[in-house]
Amino acid sequence: RGGPGRRWRSLLSAPNPFRTARLLQDSGYSKLQAYGLLGVLYFSVFLVEVLMLYFGSQVFGQGTGGGSDDMGEELFEEF
C-alpha cells in the first residue's frame, strides 16, 4: 500500500498544517492562498464549535440569559 517510503498515519494523529499548506502549494495554490484557505478553514471550524456549545447550553438549560429569576418559586397573594 502506498509505495516505498510512504508511511501510513493514524486518523487520530495530530494534523500538520505546514504539510497541508505544502500539499496545497504543490496542487497549484500560491503560498498566500494556501495559508489563507487553512486560516478560513480553522476559523470556520472554531466558529461551528462555539455555536454548538452555545446552542447546546441553551437547549439543555444551562444558559444564563433570557430566563426569569424566580427559579420556579410560586407567587402568593397577600390578604
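1. Accessible areas here come from the Shrake-Rupley method with a 1.4 Å probe, and for residues only the protein chains shown count as cover. By that method the protein has an accessible surface of about 7,900 Å², of which 62% belongs to carbon and sulfur atoms.

2. This is a predicted model, in which local features need pLDDT of at least 70 and side-chain atom pairs count only at pLDDT 80 or more, while totals for chains, interfaces and linings use all residues. Residues are numbered from 1 along each chain as its sequence is written, and side-chain values use heavy atoms, with hydrogens and water left out.

3. The protein holds two helices and zero strands, where helices (H or I, at least four residues) and strands (E, at least two) are DSSP runs numbered from the N terminus. Of its 79 residues, 5% count as buried, a term for under 20% relative accessible area, with exposed meaning over 50% and partly exposed in between.

4. After H1 comes glycine 28, whose phi is positive, near 115 degrees.

5. Tyrosine 42 belongs to helix H2 and is partly exposed, its relative accessible area being 45%. Between tyrosine 42 and proline 17 there are 10.0 Å in space, C-alpha to C-alpha, although the two are 25 residues apart in sequence.

6. Which residues make the nonpolar surface patch of about 720 Å²? The patch consists of Phe43, Phe46, Leu47, Val50, Leu51, Tyr54 and Phe55, and phenylalanine 46 sits in helix H2 (residues 31-59). Patch residues have over 30% relative accessible area and no salt bridge, and nonpolar side chains (Val, Leu, Ile, Met, Phe, Trp, Tyr) are joined within 5 Å, like charges within 9 Å; a salt bridge is a side-chain nitrogen of Lys or Arg within 4 Å of a carboxyl oxygen of Asp or Glu.

Terms used:
Buried means under 20% relative accessible area, exposed over 50%, partly exposed in between (1.4 Å probe, protein chains only).
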